[in-house]
Amino acid sequence: MTGQIAAGEFHAAGGVEDWRCLYHLVSAHFPTDSLARGVALVEAIGRLADEAEQQHLIIDLRSAGVTVSLTRRDVSLARRISAAAEELDLTADPSAVQLINVTLDALAGTDVLPFWRALLGYRQIGDDHLSDPARRGPGFGFQSMDAARPQRNRMHLDVAVPHDQAEARVAAALAAGGHLVSDAHAPKWWILADAEGNEACVATWLGRS
């Protein structure tokens, strides 16, 4: 059973108890007591997944564990990954998986989306969502609101970029409809805002210890 089946069908399939559906992904986390054991699991996954299946794999390797996500609800692959983990005596922790999506309330999401696309270096998915092409950062979505909120934002994003790319990222965000709020602390950070005043900082390591 492969392909993009419904989440309920995936969980009803059996043999996927390690896995949890999270929006468009299915994910499993396998705690490890060393980086070497995590590497062993990643190598095993690389051997068992064919080239087509590997296109749907997202693997996060850390010393404390391996998180594996599939961009399609592939029961067969999920079962094989769980079997590989079991052979290495690794037990999944379903409570450890999550998917973070930042949602911005906007009067006109289509007007401010280009700013955030340029600022984050993301790609656009549909009319109201941005995605990290490297699959490292959270998704970023836009939700319509009925009335403006003139008070200062209670949330903003800090976007850390390489120091030699910061000015280009700032310029791209400004060209995409944003404006400069302050460059008083540049090149440590710049404060920018989209057309509705939602703020974000482009930050670098310069000036930091």
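How do the axes of helix α2 (residues 35-48) and helix α4 (residues 75-87) cross? They come within 10 Å and cross at roughly 140°. The model is predicted, so local features need pLDDT of at least 70 and side-chain atom pairs count only at pLDDT 80 or more, while totals for chains, interfaces and linings use all residues. Residues are numbered from 1 along each chain as its sequence is written, and side-chain values use heavy atoms, with hydrogens and water left out.

**Helix pairs**

- Helices (H or I, at least four residues) and strands (E, at least two) are DSSP runs, numbered from the N terminus; axes are lines fitted to C-alpha atoms, for helices over the stretch in contact, with angles from 0 to 180 degrees between N-to-C directions.
- α2 and α4 are therefore oblique to each other, the class left over once angles under 35 degrees count as roughly parallel, over 145 as roughly antiparallel and 65 to 115 as roughly perpendicular.
- Leu41, Ala44, Ile45 and Leu48 of α2 meet Leu77, Arg80, Ile81, Ala84 and Ala85 of α4, where contact means heavy atoms within 4.5 Å.
- By class, this contact of α2 with α4 has 8 nonpolar, no polar and 1 charged residues (Ala, Val, Leu, Ile, Met, Phe, Trp, Tyr, Cys and Pro count as nonpolar, Asp, Glu, Lys and Arg as charged, and the others, Gly among them, as polar).
- Helix α5 (residues 109-120) and helix α6 (residues 166-175) have axes that come within 8 Å and cross at roughly 170°, and are therefore roughly antiparallel to each other.
- On the α5 side, Phe115, Ala118, Leu119 and Leu120 meet Arg169, Ala172 and Ala173 in α6; the contact has 6 nonpolar, no polar and 1 charged residues.

**The largest pocket**

- The largest pocket has a volume of about 950 Å³ (the space filled by probe spheres set on grid points, which are joined across faces, edges and corners).
- A pocket is an open set of points on a 1 Å grid over the protein atoms alone, where a 1.4 Å probe fits, with protein on both sides within 12 Å along at least five of seven lines; lining residues have an atom within 4 Å of a point.
- Its lining has 29 residues, and Leu25, Leu99, Arg135, Arg136 and Gly137 lie nearest the centre.
- β3 gives the most to this lining, with 4 residues.
- The lining divides into 11 nonpolar, 12 polar and 6 charged residues.

**Backbone details in loops**

- The peptide bond from Ala186 to Pro187 is cis, with omega near 5°; Pro187 sits in the loop between β10 (179-182) and β11 (189-193).
- Tyr23 is not a glycine, yet has a positive phi of about 50°, and lies in the loop between β1 (20-22) and β2.
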